Amino acid sequence: MAKNQLLSVVFEGEEIGLLGYDENLKKSSFQYNPTFLKTNKWLNLFPLIIRRIQPTQVFSQFHSDIFRGLPPLFADSLPDMFGNIIFKTWMETTAKDFESISVLEQLAYIGNRGMGALEYHPSKKVPLDATIDISEMADLVKQVLEQKQSTFADSMNHAALLTIFKIGSSAGGMRPKILVSENIATGAIVPGDLLTDIYHRHYLVKLDIGDQKGYSREVVEYCYWLAAKSVGIDMMDAKLIDNKHFATLRFDRMNGSKNHTLTVSGLTGLDYTKPADSAYENIFDLMLFLKCPHKDVEQLFRRMVFNLVFANHDDHLKNHSFVYNSDTDAWRLGPAYDLTYSLNPELNFLNHSRALSVNGKRVDILWKDVEAVAKKYAVKQYKKVIQEIQDTIPFFVKSALSHGVPKRIVDLMQRRMMG
Ligand SMILES: Nc1ncnc2c1ncn2[C@@H]1O[C@H](COP(=O)(O)OP(=O)(O)OP(=O)(O)O)[C@@H](O)[C@H]1O
Ligand SMILES: [Mg+2]
């Protein structure tokens, strides 16, 4: 692809506009398709950032590594650290230099395989394949992450690496993960990059590659999921595969169709790595702006308290998403995900600050700070919510122990919880 070529952005089978990136000027551009504008959907699909209809809008403010020059709502389709490692390794097997691939070219590889509902055309053709074996995929991902020598990629099984590339390089986040689909009738697991139908369940699987000493992070995440579900946090169904990989149903693939989803970073352009941008209040304000119902406000409050009580410090702006409903032309808070014990339990952080501030504080947050947020956003019965979540700690402890997490690790985790 020529460096300055345009990509067509497609939503529900219709071109919504053209995305460009000028490598020399380091500027991106977006121009709505006039036919799409007539549908009036444009107003709400991207409620922030792209606001003008015409002429071509130019963006020069998003250079950071987080957005890579693109308007954040498109940067949201790019992978983060884990996906980029997989991307780079696969590129090396095909003798391409990852550094020389433009951001638009990477989006073209994502094509119609990305998270959410946005598609990029013309997409790069990637061959199809059949069934997959999750433990084989986990072993391969482990090898890719542990690779030391630069000739590593040459020695890999090309077909297996291609599969990993297809199903492991589009989701965001740091941890190893793949997208798979499970045939509801037969249980067969197939690559989940392209399928969207009612005969399959579409999962995001966080792989246990045995990188934690003595326990599985993914099993801990499953026990967090059990605790969160039990206390009214809205999450997709989940299960453990082979007793160790954490599989969660995708909220961007439901009932045979793709849902348009964006993270808070993608919706707003707030940088999830910047403390100045990272506050729970920014998400509450976004919800008011999007006119989400008050029960979403109550739900976010519950998640905030859960993250405080259960010491999940990694509650950053890409760990909260919104889902657009085409029928109602409205945005709602999406299901919660990535709720887990985010620190290394073996390390003794004295005072580790959390990603999102509460009432302006990242450390030493007190219940009166939580109360200030509850009052600001008219959350009812907030004391009851706090109590219910604190009362869930023993359930978590019991679940973790019964799933084989060593008592020593569970004790270390519990010491950080706000019981
Ligand atoms: N159930 C789901 N349905 C759809 N998208 C999801 C789901 N769970 C996670 N995602 C998307 O995939 C991304 C990565 O997932 P997740 O946050 O669980 O991974 P992670 O590697 O642990 O992240 P981090 O880097 O924050 O630790 C999320 O930011 C979100 O956009
Ligand atoms: Mg995450």
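Domain bounds here come from an automatic or database domain assignment. With that in mind, here are a few notes on the model.

1. **Ground rules.** This is a predicted model, in which local features need pLDDT of at least 70, side-chain atom pairs count only at pLDDT 80 or more, and totals for chains, interfaces and linings use all residues. Residues are numbered from 1 along each chain as its sequence is written, while chains are lettered from A and ligands numbered from 1 in the order in which they are written.

2. **Domains.** You will find three of them: domain 1 (7-78 + 92-121), domain 2 (134-253) and domain 3 (260-415). The C-alpha centres of domain 2 and domain 3 are 23 Å apart.

3. **Where domains 2 and 3 meet.** Here 23 residues of domain 2 contact 27 residues of domain 3, a contact being two C-beta atoms, placed from the backbone, within 7 Å. Helix α8 (residues 217-230) gives the largest share of the domain 2 side, eleven residues. Helices (H or I, at least four residues) and strands (E, at least two) are DSSP runs, numbered from the N terminus. That side of domain 2 has 15 nonpolar, five polar and three charged residues. In this scheme Ala, Val, Leu, Ile, Met, Phe, Trp, Tyr, Cys and Pro are nonpolar, Asp, Glu, Lys and Arg are charged, and the others, Gly among them, are polar.

4. **Ligand 1.** Its shell holds 20 residues, the closest being Gly-173, Met-174, Arg-175, Tyr-337 and Asp-338; a residue belongs if its C-beta atom, placed from the backbone, lies within 6 Å of the ligand. By class, the shell has seven nonpolar, six polar and seven charged residues. Domain 2 and domain 3 each supply at least three residues to this shell.

5. **The five-stranded sheet.** An open, antiparallel sheet runs in the order β4-β3-β2-β1-β5, with strands counted as paired if DSSP finds at least two bridges between them. β4 (57-59) and β5 (119-121) are at the edges with a single partner strand each, so one side of each has no neighbour in the sheet. Strands β1 (residues 7-11) and β2 (residues 14-22) are antiparallel and joined by five bridges; Val-9 has Gly-17 of β2 as its bridge partner.

6. **Backbone spots worth a look.** The peptide bond from His-121 to Pro-122 is cis, with omega near 0°, and Pro-122 sits in the loop between β5 and α6 (134-146). Ile-49, though not a glycine, has a positive phi of about 75°; Ile-49 lies in the loop between α2 (42-45) and β4.
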